[in-house]
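Please look over the sequence and the structure shown here before reading on. The report that follows takes up helix packing and then a pocket.

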Amino acid sequence: MGQPDYSTKDYISDADIFADAVNYYLYGGEQVIDPEALEPVDSALLLNVFNESWADMENHPRSKRRQRNSKFIHRLRDAVRMASVMKNDQCTYVIMGIEAQTNVHYAMAVRSIVYDGLQYAQQVEVLRSKHRAKGDLGKSDEFLSGMRKEDRLLPVITICLYFGTEPWQGALNLMELFDRPDERLLPYIQDYKVLLIEPARMNDDDFAKFSTNLGQVLKFMKVAQDKKKLAELVNSDDAFKSMDRKAAQVLRDCAKVKINIEPGQEVVNVCKGWNDAIEDAKEEARKEERETAQRREKKLKDAAKAREKELKDAAKAREKELKDAANTMAIHSMVEAYRDIDMPSTDIRNRIMKKYGLTKEDADKYMTPVGA
């Protein structure tokens with residue numbers, strides 16, 4: 001998992017935040033689920049494809065236990081609690097799960113099916129283990145299913161809490177993932193909905209239904225890409241001046257906004273932290289500008305030095321070229337002058353070799369008359 005995943009999972013594990021999200025989605029913000037009444041549920045889901053309980057595994061030899069264990073399906077949920085709901089003096093228990101998403105999950109409907117299915121299967125396994133311990137599974141059908149006729153399961157509800165700044169583009173139900181199935185089959189295909197909380201499609205009335213800072217967090221996500229609206233939000237809502245660390249970390253990690261959070265700081269002034277981060281960013285930008293200017297100046301100086309050297313080298317080359325041309329004319333003139341007085345070629349060659357420091361091969365090049 002990346003840092004945003006850790007931050008959001010830590011955030012929604014808080015009972016107040018968990019209950020607030022459930023109350024918003026299921027009850028329109030009415031405080032039906034009491035955070036203090038939430039009971040912890042193991043977030044690890046285990047499904048035994050051999051249809052044996054985990055307790056039974058202890059009865060196998062260790063070598064066989066490892067072999068059997070490799071056939072288990074294991075998943076770890078982000079946050080799961082058991083909630084009690086009172087209606088007409090009757091208490092109903094429900095297993096609630098929240099999956100925090102920092103990015104769009106295009107197969108979220110399937111993921112929800114797996115989580116809920118494993119949650120139900122785990123309940124069946126618990127019943128199976130209890131009945132086997134008591135030895136009260138009399139009928140063959142009871143023994144096969146691990147349940148008795150009067151046994152009941154707790155309903156499971158999974159909510160996807162999306163902390164992304166972009167609109168959710170994934171399917172919101174299983175049917176959307178199919179490619180034009182035969183219409184005659186539709187009545188027989190079980191659908192599965194994604195229960196999604198998405199900031200981008202929420203309005204001010206929706207945000208007001210939250211009783212914790214989850215409302216501010218989601219509103220922050222909605223406007224995170226518009227710096228002007230974001231500045232207006234954090235400077236107009238006092239909740240951002242004293243936000244708990246977990247919420248501030250979600251803002252920082254999921255919205256990709258720089259917020260200074262000091263080590264050990266439990267209450268964060270997001271306004272100040274954000275403004276400090278902006279000043280830090282400005283100073284960093286100024287530093288980068290200075291470094292860029294220095295690099296540009298050095299580059300210009302290096303280019304000037306290179307050009308100066310190039311000109312000097314060209315001048316030297318031209319000077320050498322002129323000197324060589326002058327020497328060539330002088331040597332040819334010297335050779336012609338010696339020939340006019342009938343000096344032997346060998347003596348002429350030796351004279352120009354001595355005077356101009358030429359090799360015999362170089363001197364021979366001047367022995368041919370000009371224009372010959």
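At what angle do the axes of helix α8 (residues 214–223) and helix α9 (residues 227–236) cross? In this predicted model, the two axes come within 8 Å and cross at roughly 160°. Because angles over 145 degrees count as roughly antiparallel, α8 is roughly antiparallel to α9. The crossing of α8 and α9 is right-handed, and the contact is made by Lys219, Phe220 and Val223 in α8 with Lys229, Leu230, Leu233 and Val234 in α9. By class, this contact of α8 with α9 has five nonpolar, no polar and two charged residues.

Helix α8 also meets helix α10 (residues 245–254), and their axes cross at roughly 15°, so that α8 and α10 are roughly parallel to each other. This crossing of α8 and α10 is right-handed. Val217, Phe220 and Met221 in α8 meet Ala247, Val250, Leu251 and Cys254 in α10, a contact with seven nonpolar, no polar and no charged residues.

| Helix pair | Axes come within | Crossing angle |
|---|---|---|
| α8 and α9 | 8 Å | roughly 160° |
| α8 and α10 | 10 Å | roughly 15° |

By class, the lining of the largest pocket divides into six nonpolar, three polar and three charged residues.

How values were computed: Residues are numbered from 1 along each chain as its sequence is written. This is a predicted model: local features need pLDDT of at least 70, side-chain atom pairs count only at pLDDT 80 or more; totals for chains, interfaces and linings use all residues. Side-chain values use heavy atoms; hydrogens and water are left out. Axes are lines fitted to C-alpha atoms, for helices over the stretch in contact, and angles run from 0 to 180 degrees between N-to-C directions. Helices (H or I, at least four residues) and strands (E, at least two) are DSSP runs, numbered from the N terminus. Angles under 35 degrees count as roughly parallel, over 145 as roughly antiparallel, 65 to 115 as roughly perpendicular and the rest as oblique. A crossing is left-handed if the near helix is turned anticlockwise from the far one by less than a right angle, and right-handed if clockwise. Contact means heavy atoms within 4.5 Å. Ala, Val, Leu, Ile, Met, Phe, Trp, Tyr, Cys and Pro count as nonpolar, Asp, Glu, Lys and Arg as charged, and the others, Gly among them, as polar.
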